[in-house]
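Trainee: I am new to this structure. Please show me how to read its features, one at a time.

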Amino acid sequence: MTKPVVAVDMDDTICHFIRRAIFHNNNDFPTHPLRYEDMIDWNTDHLRHPDSTRDVFFNRPRIYEELELFDEHVVAEMEKLNEAYDLIIVTAGDPSSAAEKWNWLQKHMPFISLQQMFVCKRKSLIEYDLLIDDGMHNLLPAIERGKKVLCIPHPWNLKALEQYKVPVMESWEGAKERIDAIFNMEQS
């Protein structure tokens, strides 16, 4: 019997990307400070300083290696998921960020192998049974394909969460037990 495939996003799912990007933005452009709570949409062009382009904000060199863990439970829960399921990391990225993301994973979750990491922007092309992500642009196509999902809530997805009633996971505490329950409900 094959194990169910659990796909997990990286940025703002197992680590805090936007908070770190805001930190650098506010240091570099103090006249246009950003707050996490104001990030209610992916398009923040109108909030950032004109010199803080999308590339400057999202692609700062080595930023991915600086990211903090999502919470104190994420490593232990990811390790449990790795043992119980066919765990894969599915993260959006480009060639320059892929190596940084891999370095971050090896530092914090060395039990993840290279064969478990997929870097792509169109996550709906990957085959999995359950997706944990913060992006509604990834979660809604998964739901349409009949996949199970869990959303990590952030200001940029709260309106959509309310509209679509996607199940949320606010903390990684007890994540494996929650995912076990989702798959057990499917079998009954």
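**Salt bridges, a helix face and a pocket**

Mentor: This model is predicted.

Trainee: Are D133 and K123 buried or exposed?

Mentor: D133 is buried, at 1% relative accessible area. K123 is buried too, at 2%. Salt bridges with shared partners also join D9, K123 and D133 into one network.

Trainee: Why do such pairs form?

Mentor: Side chains of opposite charge can pair when their charged atoms come close. In this model the count comes to 12 salt bridges.

Trainee: Which side chain does E66 meet in a salt bridge?

Mentor: E66 meets R20, at 2.7 Å from N to O. This pair also links distant parts of the chain, 46 residues apart. E66 is in the loop between α2 and β3 (68-69), while R20 is in helix α1. E66 is partly exposed, with a relative accessible area of 29%. R20 is partly exposed as well, at 23%.

Trainee: And where do K80 and E77 lie?

Mentor: Both lie in helix α3 (residues 74-84). They are 3 residues apart, about one turn of the helix. The general idea is this: an α-helix has 3.6 residues a turn, so residues three or four places apart point the same way. The side chains of K80 and E77 meet in a salt bridge of 3.0 Å, N to O. K80 is partly exposed, at 34% relative accessibility, whereas E77 is buried, at 6%.

Trainee: Which residues are buried in helix α1?

Mentor: In α1 (residues 18-28), the buried ones are I18, A21, I22, H24 and N25. They lie on the same side of α1, because they cover an arc of only 165 degrees around the axis. These buried residues pack against β2 (15-16) and α2 (54-58).

Trainee: How do I look for a pocket?

Mentor: Rolling a probe the size of a water molecule over the atoms shows where empty space is left. Here the largest pocket has a volume of about 490 Å³. It is lined by 22 residues, and D11, W42, F58, A92 and K121 are the closest to its centre.

Trainee: What classes of residue make up the lining of the largest pocket?

Mentor: It has 10 charged, 6 polar and 6 nonpolar residues. Helices α2, α4 (95-108) and α5 (136-144) each supply at least two residues of that lining.

Note on methods:
Residues are numbered from 1 along each chain as its sequence is written. This is a predicted model: local features need pLDDT of at least 70, side-chain atom pairs count only at pLDDT 80 or more; totals for chains, interfaces and linings use all residues. Side-chain values use heavy atoms; hydrogens and water are left out. Buried means under 20% relative accessible area, exposed over 50%, partly exposed in between (1.4 Å probe, protein chains only). Helices (H or I, at least four residues) and strands (E, at least two) are DSSP runs, numbered from the N terminus. The arc is that of the directions from the helix axis to the C-beta atoms. Contact means heavy atoms within 4.5 Å. On a 1 Å grid over the protein atoms alone, a cavity is a set of points where a 1.4 Å probe fits but cannot get out, and a pocket is an open set with protein on both sides within 12 Å along at least five of seven lines; lining residues have an atom within 4 Å of a point. Grid points are joined across faces, edges and corners, and a volume is the space filled by probe spheres set on the points. Ala, Val, Leu, Ile, Met, Phe, Trp, Tyr, Cys and Pro count as nonpolar, Asp, Glu, Lys and Arg as charged, and the others, Gly among them, as polar. A salt bridge is a side-chain nitrogen of Lys or Arg within 4 Å of a carboxyl oxygen of Asp or Glu.
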